[in-house]
Amino acid sequence: MKVVVDMNKCQDHGQCVFAAPDVFSMDENGHLVHVSDPDDALREEVEEAADVCPLQAIRIEG
């Protein structure tokens, strides 16, 4: 599984951080950072994060 975040769409709302904290987090400046190739065991959390993103900036490949 590959996680792709469109940083042109992302406005750092952080809803994904609550849904999948092992994959998404905020850096010291309040900007989103993510693990681009998380373990497949986290797929359900990542799918939830993609669903709750207000701007639909998260895409899952594979």
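# Talking through the model

Biologist: Starting with D12, how accessible is this residue?

Modeller: In this predicted model, D12 has a relative accessibility of 24%, so D12 counts as partly exposed. D12 sits in the loop between β1 and α1, and although D12 is not a glycine, its phi is positive, at about 60°.

Biologist: And where does Q56 lie?

Modeller: Q56 belongs to the loop that runs between α2 and β4. Here too the residue is not a glycine, and yet Q56 has a positive phi of about 50°. With a relative accessible area of 47%, Q56 is partly exposed.

Biologist: OK, changing topic to the inside. How many residues are in the largest nonpolar core, and which have the most contacts inside it?

Modeller: The largest nonpolar core has 17 residues, and those with the most contacts inside it are V3, V5, V23, F24, A49 and I58. At least two of the core residues come from each of β1 (2-5), α1 (15-19) and α2.

Biologist: Which element gives the most to this core?

Modeller: That is α2, which contributes three residues. As general background, nonpolar side chains in soluble globular proteins tend to be buried together.

Biologist: Let's stay with V3, then. What is V3 in contact with, leaving aside its neighbours within four places in sequence?

Modeller: With those neighbours set aside, V3 touches V23, F24, H34, V35, S36, P38, V46, I58 and R59. V3 also belongs, together with V5, to the covered face of β1, while K2 and V4 make up the uncovered face.

Biologist: And how does β1 pair with β4, parallel or antiparallel?

Modeller: β1 and strand β4, which spans residues 58-61, pair in the antiparallel sense, and four bridges join the two strands. Within this pair, V3 stands opposite I60 of β4.

Biologist: New topic, charges. How many salt bridges are there?

Modeller: The count comes to two salt bridges. In one of them, the side chains of E47 and R43 meet, with N and O 3.8 Å apart, which is within the 4 Å cut-off used for a salt bridge. In the other, E61 is joined to R59, and the closest N and O atoms are 2.8 Å apart.

Biologist: Where do E47 and R43 lie?

Modeller: Both are in helix α2, which covers residues 43-52, and they are four residues apart, or about one turn of the helix.

Biologist: Last topic, the cysteines. How many disulfides are there?

Modeller: The count comes to zero disulfides. For C10, the closest cysteine sulfur is that of C53, and since the distance is 6.4 Å, the two sulfurs are too far apart for a bond. C16 is in no disulfide either, as its nearest cysteine sulfur, that of C10, is 6.5 Å away. To count as a disulfide, the two sulfur atoms would have to be within 2.5 Å.

Biologist: And are C10 and C16 buried or exposed?

Modeller: C10 is buried, with a relative accessible area of 17%, and C16 is buried as well, with a relative accessible area of 7%.

Conventions
Residues are numbered from 1 along each chain as its sequence is written. This is a predicted model: local features need pLDDT of at least 70, side-chain atom pairs count only at pLDDT 80 or more; totals for chains, interfaces and linings use all residues. Side-chain values use heavy atoms; hydrogens and water are left out. A nonpolar core is a set of buried Ala, Val, Leu, Ile, Met, Phe, Trp, Tyr and Cys residues joined through side-chain atoms within 4.5 Å. Buried means under 20% relative accessible area, exposed over 50%, partly exposed in between (1.4 Å probe, protein chains only). Contact means heavy atoms within 4.5 Å. Two strands pair if DSSP finds at least two bridges between them.
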